[in-house]
Amino acid sequence: RLPSGKLLKYKARLCVRGDLQIKGENFWETYSPVVSWPLIRMMFILTAMFGLQSRHVDFTNAFAQSFLEEELYMEMPDGFDSERNTHCLKLIRSLYGLRQSAMNWFQTIALTLQNLGLEQSKIDPCLFFGKGLIVVLYVDDMIIFHKDKKPIDELIKALADEFPLTDEGDVTAYLGVEVTRRDDGSMHLRQPSSIQKLLDLIGLDDASNPSDTPAVVNPAPGKGGSPPSHKWSYPSAVGILLWLAFNTRP
């Protein structure tokens with residue numbers, strides 16, 4: 001879905017039962033970094049200050065673009081009824097669901113960027129720079145920054161020679177956050193879909209009487225108070241609030 005909540009596309013994936021993998025036998029390391037939001041905010045600030053060009057790239061089926069080092073087999077998927085008990089599939093590339101898929105993809109794309117002349121940051125492993133280019137990576141979502149459009153086009157073309165990808169154009173949304181460039185060069189970040197999701201969750205989607213002090217004014221009960229009357233998940237609501245506060249600070 002788009003940050004607005006509008007449906008963008010449907011997806012279907014063949015996934016592997018990674019929960020059946022055995023550590024030390026068919027997987028070892030699994031850690032894969034993602035770019036930090038403070039770094040993304042800093043890049044938006046630099047974009048506004050220096051008038052940088054930016055482009056959003058989405059890699060197609062990213063995890064399946066890296067090769068496996070381990071010898072792994074999987075059962076035939078549903079639909080191959082006559083062969084499910086007599087055949088299996090040997091995996092050559094990573095698939096979604098494998099414990100090491102995210103790590104394999106990150107190592108693959110990081111090596112590719114370095115081969116294209118970019119240097120990996122020692123402060124944030126998902127930041128790459130060189131030739132006037134700055135690249136930030138969050139799994140399969142990449143933003144490329146440069147003062148001019150041509151170097152960005154050249155880098156995207158070089159990446160497209162290696163991986164299937166979609167050029168999303170100028171950054172208008174990233175990781176569920178709407179990004180709007182204003183006429184004065186500033187950038188406005190919004191998360192309307194996450195806010196609406198929170199309101200729907202706690203039953204305030206039709207609230208029409210705002211209050212400066214929405215909390216109950218009575219003191220909280222001591223030990224032995226009545227159980228909560230709401231049916232929604234309190235941790236989920238707190239999680240959405242933290243996601244909003246951390247990313248866009250509405």
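In H1, the buried residues (under 20% relative accessible area, with over 50% counted as exposed and the range in between as partly exposed, for a 1.4 Å probe and protein chains only) are Trp37, Leu39, Ile40, Arg41, Met43, Phe44 and Thr47. The model is predicted, so to speak of local features requires pLDDT of at least 70 and side-chain atom pairs count only at pLDDT 80 or more, while totals for chains, interfaces and linings use all residues. Residues are numbered from 1 along each chain as its sequence is written, and side-chain values use heavy atoms, without hydrogens and water.Helices (H or I, at least four residues) and strands (E, at least two) are DSSP runs numbered from the N terminus; the chain has 5 helices and 11 strands. Helix H1 covers residues 37-50 and includes Ile45. With 14 residues, H1 reaches 20 Å from its first C-alpha to its last, close to the 20 Å expected at 1.5 Å a residue, where the expected span is 1.5 Å times one less than the number of residues. Gly51 follows H1 and has a positive phi, near 65°.

Ile45 is partly exposed because its relative accessibility is 49%. Together with Met49 and Phe50, Ile45 forms a nonpolar surface patch with about 330 Å² of accessible area. Such patches consist of residues with over 30% relative accessible area and no salt bridge, with nonpolar side chains (Val, Leu, Ile, Met, Phe, Trp, Tyr) joined within 5 Å and like charges within 9 Å. A salt bridge is a side-chain nitrogen of Lys or Arg within 4 Å of a carboxyl oxygen of Asp or Glu. Accessible areas come from the Shrake-Rupley method with a 1.4 Å probe; for residues, only the protein chains shown count as cover.

Of the 250 residues in the chain, 35% are buried. The chain exposes about 16,200 Å², of which carbon and sulfur atoms supply 55%.
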